[in-house]
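My notes follow the model below.

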Amino acid sequence: MLALKAAIEWANTANEDVNIWSDSESSLQALKSFNVKSKITQEAQMTLLENARIRLGWVKAHTGIKGNEIADTLAKEATTDGIPASLPFPKSFLKKQLLQLSLSRWQAEWDNGETGRSVYSIIPKISNKQLQWSRECIQFATGHGPFPSYLKRFGLHSTDYCGCGEIGNPLHYATRCPLTLSYHYKEPSPQFIVHWWKSALSRKLSRRNIDNLITFLATNEDLIKSQNTTPSHTPA
């Protein structure tokens, strides 16, 4: 496009009809478009609109057309012997570079952070794509929900134990608590806990079950609250 623009500007100074031939079909199509954001293309379009004596045409590349072959040769020579030029980056390129830089910094902060480690084990790679997680699923994954293990930290429960006598955390209610049997998943082995979390939060039906579990816990706080400060039995 830059070469076409230079040719158009040269032709605009000639006091005669000028035909410009190019093997870049995409550039020629861009000059015909009404929806162009490139400043170089827009400037070339304005010159063409002001000078009806300039005409553009397309030629097939590498078919022995003398003028086109000479243009290719000169273009290659310019890469080593030409005059250096400073051109502004397209806005699209800058946006892409800024996005990549932002994601890189975000990933570094996520890798080296001290908070959110439970979620990090589930989602180690950051992304600007929205997760299909509900508010309840976020509470479940972070542990920041209607769980004694969380509420105890803020003085909202006297103990972090469930009414059944075990630590009241998300995994307990999803796999072990007798008060939430209808919402249970199979309890994972210690070496598969991370895989279990990923699987539970990646499937639509599973996330729906988590939503229902958290809603049940939130609306039955008195049922799951332990009245003692020590467990009623030793967890298995």
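I started with burial: 30% of the 236 residues in the chain are buried. Buried means under 20% relative accessible area, exposed over 50%, and partly exposed in between, with a 1.4 Å probe and protein chains only. This is a predicted model; local features need pLDDT of at least 70, side-chain atom pairs count only at pLDDT 80 or more, and totals for chains, interfaces and linings use all residues. Residues are numbered from 1 along each chain as its sequence is written, and side-chain values use heavy atoms, with hydrogens and water left out.

**Whole chain**

I counted 12 helices and 2 strands. Both are DSSP runs numbered from the N terminus: helices are H or I with at least four residues, strands E with at least two. The order along the sequence is α-β-α-α-β-α-α-α-α-α-α-α-α-α. The radius of gyration is 33 Å, well over the 18 Å from the globule rule for 236 residues, so the chain is more spread out than a compact globule. That radius is taken over C-alpha atoms, and the rule is 2.2 Å times the number of residues to the power 0.38. The C-alpha atoms fill a box of roughly 100 × 35 × 35 Å along the principal axes.

**Residues 1–80**

I checked the record next. UniProt, in an unreviewed entry, places "domain: RNase H type-1" at residues 1–80. Such annotations may be inferred rather than shown by experiment. Over residues 1–80 I read 59% helix and 12% strand, with the end C-alpha atoms 20 Å apart.

**The strands**

Which residues of strand β1 are on the covered face? I found V18, I20 and S22 there, while N19 and W21 sit on the uncovered face of β1 (residues 18–22). In a regular strand the side chains alternate between the two faces of the sheet. β1 pairs with β2 (residues 54–58) in the parallel sense, over 5 bridges. Two strands pair if DSSP finds at least two bridges between them. N19 stands opposite R55 in β2.

**Helix α2**

I then looked at α2 (residues 25–32), where S27, L28 and L31 are buried. These residues cover an arc of only 100° around the axis, which puts them on the same side of α2. The arc is that of the directions from the helix axis to the C-beta atoms. S26 and K32 are exposed on the other side of α2. What covers the buried residues of α2? I noted α1 (2–13), β1, α3 (39–50) and β2 among the covering elements, with contact meaning heavy atoms within 4.5 Å.
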